[in-house]
Amino acid sequence: KRIQDLRAVLDANPKLRLAVVGQGPYRGELEKFFAGSKTHFTGIMRGEELWGAFASADIFAMPSDSETLGFVVLEAQASGIPVVG
C-alpha cells in the first residue's frame, strides 16, 4: 500500500488533516512516519462510530494499488463522500 505517499500531500497543504482508521501490523511504523503532521490514528472503529468517521470526512483516500476487493471503498461511497484512489 502507498499510504506514505500522503505525507507529501499533507506537507504541501498545511490545512489538511488525515485520519487513519483501523489497526494493522505497521501502525507503529506509520505513527513514526507521520509524526509532526496533522495525522490522527483512531484504531479500530465499528458501527455508528465508523459511520460517524466517514460522515465527518471531506474525502476518502484509498492509496493502495493492490487492494483486491476494497469493501472500505464501498462503505465510503455509501456514506456519500468522494473517493479517490
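Modeller: Asp11 and Arg7 are joined through their side chains in a salt bridge, with 3.0 Å from N to O. A salt bridge here is a side-chain nitrogen of Lys or Arg within 4 Å of a carboxyl oxygen of Asp or Glu. This is a predicted model, in which local features need pLDDT of at least 70 and side-chain atom pairs count only at pLDDT 80 or more, while totals for chains, interfaces and linings use all residues. Residues are numbered from 1 along each chain as its sequence is written, and side-chain values use heavy atoms, with hydrogens and water left out.

Both Asp11 and Arg7 belong to helix α1 (residues 5-12), where four residues, about one turn of the helix, separate them. Helices (H or I, at least four residues) and strands (E, at least two) are DSSP runs, numbered from the N terminus. Arg7 is buried because its relative accessible area is 17%. Buried means under 20% relative accessible area, exposed means over 50%, and partly exposed lies in between (1.4 Å probe, protein chains only).

The whole structure holds three salt bridges. Another one links Asp5 to Arg2, with 2.8 Å between the closest N and O atoms. Asp5 has 38% relative accessibility, so it counts as partly exposed. Arg2 is partly exposed as well, because its value is 43%. Glu31 and Arg27 also form a salt bridge, their closest N and O atoms being 3.0 Å apart. This pair sits in helix α2 (residues 27-33), again four residues apart, about one turn of the helix. Glu31 is partly exposed, because its relative accessibility is 34%.

Now the strands. β1 and β2 run parallel and are paired over four bridges; two strands pair if DSSP finds at least two bridges between them. In a regular strand the side chains alternate between the two faces of the sheet. In β1 (residues 18-21), Leu18 and Val20 form the covered face, and Ala19 and Val21 the uncovered one. In β2, Thr39, Phe41 and Gly43 are on the covered face, with His40 and Thr42 on the uncovered one.

Two bridge positions show how the strands line up. Leu18 has Thr39 as its bridge partner in β2, and Val20 stands opposite Phe41.

Thr39 belongs to β2 (residues 39-43) and is buried because its relative accessibility is 17%. Setting aside residues up to four places away in sequence, Thr39 touches Leu10, Leu18, Val20 and Phe34; contact means heavy atoms within 4.5 Å. The side chain of Thr39 also makes a polar contact with that of Ser37, at 2.7 Å. A polar contact is a pair of N or O atoms within 3.5 Å; within protein, one must be able to donate a hydrogen and the other to accept it, and residues adjacent in sequence count only if both atoms are side-chain atoms.

Val20, in strand β1, is buried because its relative accessibility is 13%. Not counting residues up to four places away in sequence, Val20 touches several residues, including Ile3, Thr39 and Phe41. Val20 and Met62 lie 42 residues apart in sequence, and 11 Å apart in space from C-alpha to C-alpha.
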